Amino acid sequence: MKRFCWIILTIFLLTSCEPRIVTRKAQGGYIDLSDYSLSQPVRLEGQWEFYWGKLLYPADFARGSVLPQTYVDIPHNWRKQSVYGITLTNTGNATYRVKIQTDGSQRLLGIHLPRVSTAYRLFVNGEEILERGKVEEDYRLSQGLLDVRTVYIQVDESEIDLILQVSNAFYTHAGITDGIILGSQEAVQTAKKRAYGLDMFSIGFVVFAGVSFFLIFLLRRDEKISLYFSLFCFIIAFRTSLVIGERILYDFLPLTNLRFIERLQSITIYSLLPIFIGYIASRFPVGVKKRLVSFFQISSLMYLGVMFFIDPRYAEKVLLFYYPVVFLGIIYIFTIIFLSLHRYTKEFLLDSIGVFFIVGAAVFDILVDRGFFESDYILTWGLLIFIAFQFFLLSRRFVQVLEQQELLTAHLNAVRNTLEEKVDLRTRDLKEARHKAEEANRAKSTFLANMSHEMRTPLNGIIGNTELLLGSSGEVVRKYASKIISESQHMLFLINQLLDISKIEAGKMVLEEHTFSLHEIASSVEDLLKPLVVRKSLEYHTTVSESVPDSLVGDPERIRQILINIAGNAVKFTPRGSVSVHLEAEDRSDVQTLIHIRVSDTGIGMSEELQQKIFDVFTQGETGLARSFGGTGLGTTIAKELVELMSGHITVKSKEGEGSTFTITLPLKKTSDHAAVHPALEEENLTIDLQGCSILLVEDYPTSQRIMSEHLKSAHASVTLVGDGNEAVETWKKGVFDLLLLDLQLPGIDGYEVSRQIRSTENGKTVPIIAVTANALIDVRTTCKEAGIDNVLMKPLYKKTLLQAVAKHLGIPVSKNSSAASQGTSSLLDEFDEDLRHELISGFYNQSLRQIDNIEQCLTEHRFQDLHLDAHAMKGGALNLQMSKLGSLALEIERAAKKEDEKTIKKLLPLLRDTLQNEIEAVSG
């Protein structure tokens, strides 16, 4: 009982810890906050200017001809107001306006709109800040959203002019039904986090109760009371996340149409009564009339069915007809409890208190819905207390049932022990037989390992003596000696295959993890098989998809062995035609990718019977094939074992006379962005002096310009900076430079064309050219090489990596230095002092805001090429400042712009500003 009291006390404390927000009321459309610093958020209520039936813009107010003007008290609902001598409806258009005088101490402000119904557009000081839903002059075409939204703005004036347009086509609650919150960015963020945390606690508590009793129901299917209670908890959690507080559900359903949300709300409205009355009937079964319970349940479900087939604008009328059913149901619930009064004592008291709380919450919900109160739809603390009461009582009841079950279990255990003794006698022989089989398997593995070791010793002598024989004279001697070495090497290969089988079966095969290039492995295997391919006059093709990363983490030697075995078999069993190897990748997560390797040939193929056993040890098909093509059948077996050891799988499809296709799937780890691009930093520090070196830096993005310039100047280099491709060529022709540092994505002509034109000049034939790019596609290096570029550096670009590359191409020695003043640091931003770091972050933030605005404008005008350039530039700047999430998001938008995928860009754009804000806060510390 003490624990129960602590639970109730905790619920009261948490639900009462709402964010502290001061309320200031407007008078005549004006709020004076000049005596308030906005370091604590303030709720804006009181008299706002109100214009019914109009969507007014800042320009309309600037002309001074906006009439008629009246005032309404915020918060309010349209259907409760009377303006211009007429009573408003809940559908139409309206414009609100309020002027706010601040003390001017806060420049970065947050505006939190907890409940504005339904579609709306917000202007601050003449600038459109936010639009949610679709606001139309013809309100019947508007499309509403109900999610909670927070925006952050920079205000350079002490007076704020706030204009809000609201358009509603059908939703019951129209207008500003809760005060808008204003404060400093930090204050609004803090208040939002606290409110979000309280909502998460409430929902989490209810969901935990629901899951707990659903599991109890799964254990005891006859306990319907547990099922009803769990369903009730889930519906309450769903409704809480949908209509109160921060409306958490909208975070998971962004940009959802209001008509769909109306139907979701209908589920919570019309399913609560049948579930709750079923719970009460199961909890207090004395005197329950099943027909009455069924009537309320079926009636509610029928209303729910109607809501899914009618237009949501008629939802209110349907709800009016449903309220009598609700009130009758509440009366019947109290009747059930009254009839059970004589049967219960302590538990009945707690049950009754809990029911009164939940019924009170339901009545309050209805009164709010009918407009008698302006508040959240549900008494959160009342629901939590009810659920806590029922959770406690049902848990206690379940414990009592478990105690009875333990008594029965003790008796059953005695019977089971007797049966187990008999079963043990029957299974003893089977265990002994299995033990002998395991011993035999271990003996086989040990035999293979020992034989492999024993055969290696004389084989090494054969190879060594034969090599000596090769040094003697005589062409015949050399011919036979070469044959002996060839056969000995083949025998060594077979022994290695046997040893691999032995290791795998004995569980001794250990995989290593190294960073490697799959492109290089595929190329080396092609080179290894080339002599046999040429001898058989076959065609051999290797293709690597652009989706395959440049570097991966895994066991490169075992992957090479798999590819050699499968591709080697393909070449061996293909008398004529071709063999093709294709590699592609599929992203599985941020840290893992799925590599697909497909090896196809036009060879002899396999029967269905052989395909079933091709991966078995020593299987190669018919004896005739073994004589014709050679081999032991170990290759495919080892390949399969290695693939499965790497948690992958291998399959084969084949038809006799038409060739075979082996498909290998391997899950491999990705390298991190830093590890993939940069070699590991050495422990010792390096000193690089570029004194007297003149470098032309071609980069258009301001943040990247500043970072690379500072790095080069710190090594005493002379830097000339240009930001345009055409300007770079002209600057090169006029000056004398030792090295060209070139971004590939430039205004005017791109970096490839800049390199080609400079290489065509007399003084540009031998100058080192280093490209810098955020493009990680496979063909970038190939294209750079064709354009005359000597080296490619990938962003983010560390100081040490940049200076080492420049020094290498200029032939400048690098000296080691063990002092603390290193030119290479562990974090890119740590390479700058505090002032410069702040300047870089601030400059990038302002530049990014302008680029986001430009991206939105380009999307509206369908200028996808310009949109692509802005997204690419933002990606490079983000990577340079180690803002990986922002860089990834910009990359997705860049790719979508390349495909002119308007839908994807619209989906990603709302995340861009929030991600920028979060990343700036993270790197700012």
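Proline 75 is found in the loop between strand 4 (70–74) and strand 5 (82–83); strands (E, at least two residues) and helices (H or I, at least four) are DSSP runs, numbered from the N terminus. The peptide bond that joins isoleucine 74 to proline 75 is cis, with omega at about 0°. The model is predicted: local features need pLDDT of at least 70, side-chain atom pairs count only at pLDDT 80 or more, and totals for chains, interfaces and linings use all residues. Residues are numbered from 1 along each chain as its sequence is written, and side-chain values use heavy atoms, with hydrogens and water left out.

Most residues other than glycine have a negative phi, and most peptide bonds are trans. Leucine 38, in the loop between strand 2 (30–33) and strand 3, has a positive phi near 65°. Leucine 38 is buried, at a relative accessible area of 1%; buried means under 20% relative accessible area, exposed over 50%, and partly exposed in between (1.4 Å probe, protein chains only). Serine 647, in the loop between helix 16 and strand 21, has a positive phi of about 70°. Serine 647 is exposed, with a relative accessible area of 61%.

For the chain as a whole, the secondary structure comprises 26 helices and 29 strands. Of its 925 residues, 48% count as buried. The chain exposes about 46,600 Å², and carbon and sulfur atoms supply 55% of that area; accessible areas come from the Shrake-Rupley method with a 1.4 Å probe, and for residues only the protein chains shown count as cover. Among contacts (heavy atoms within 4.5 Å) with a separation of 6 or more, 74% are between residues 24 or more positions apart.

The largest nonpolar core has 40 residues, and those with the most contacts inside it are Leu518, Tyr540, Ile559, Leu563, Ile597 and Ile664. Such a core is a set of buried Ala, Val, Leu, Ile, Met, Phe, Trp, Tyr and Cys residues joined through side-chain atoms within 4.5 Å. Elements giving two or more residues to this core include helix 12 (518–535), helix 13 (556–572), strand 19 (578–587) and strand 20 (592–601). Helix 13 gives the most, with seven residues. A second, separate core of 39 residues includes Ile203, Cys233, Ile277 and Leu319.

In helix 13, 13 of the 17 residues are buried, so the helix is largely enclosed by the rest of the structure. At 1.5 Å a residue, its 17 residues should span 24 Å, and the end C-alpha atoms are 23 Å apart, which agrees; the expected span is 1.5 Å times one less than the number of residues. Leaving aside neighbours within four places in sequence, leucine 563 is in contact with residues including Ile521, Val525, Val581 and Ile597.

Leucine 583 lies in strand 19 and is buried, with a relative accessible area of 1%. Leucine 583 and arginine 598 are 15 residues apart in sequence, yet their C-alpha atoms are 6.5 Å apart. Not counting residues up to four places away in sequence, leucine 583 touches Leu518, Thr543, Val548 and Ile597, among others.

The count of salt bridges comes to 21, where a salt bridge is a side-chain nitrogen of Lys or Arg within 4 Å of a carboxyl oxygen of Asp or Glu. Three of these pairs are listed below.

| Glutamate 49 | Arginine 97 | 3.9 Å |

Glutamate 49 lies in strand 3 (residues 42–52) and arginine 97 in strand 7 (residues 92–102), so the pair ties together parts that are 48 residues apart in sequence. Both glutamate 49 and arginine 97 are buried, and a network of salt bridges links Glu49, Arg97 and Asp161. Arginine 706 and glutamate 710 are four residues apart in helix 18 (residues 702–714) and therefore separated by about one helical turn. Arginine 706 is partly exposed at 27% relative accessibility, and glutamate 710 is partly exposed with a relative accessible area of 27%. Glutamate 856 in helix 23 (residues 834–861) and arginine 913 in helix 26 (residues 902–924) link distant parts of the chain, 57 residues apart.
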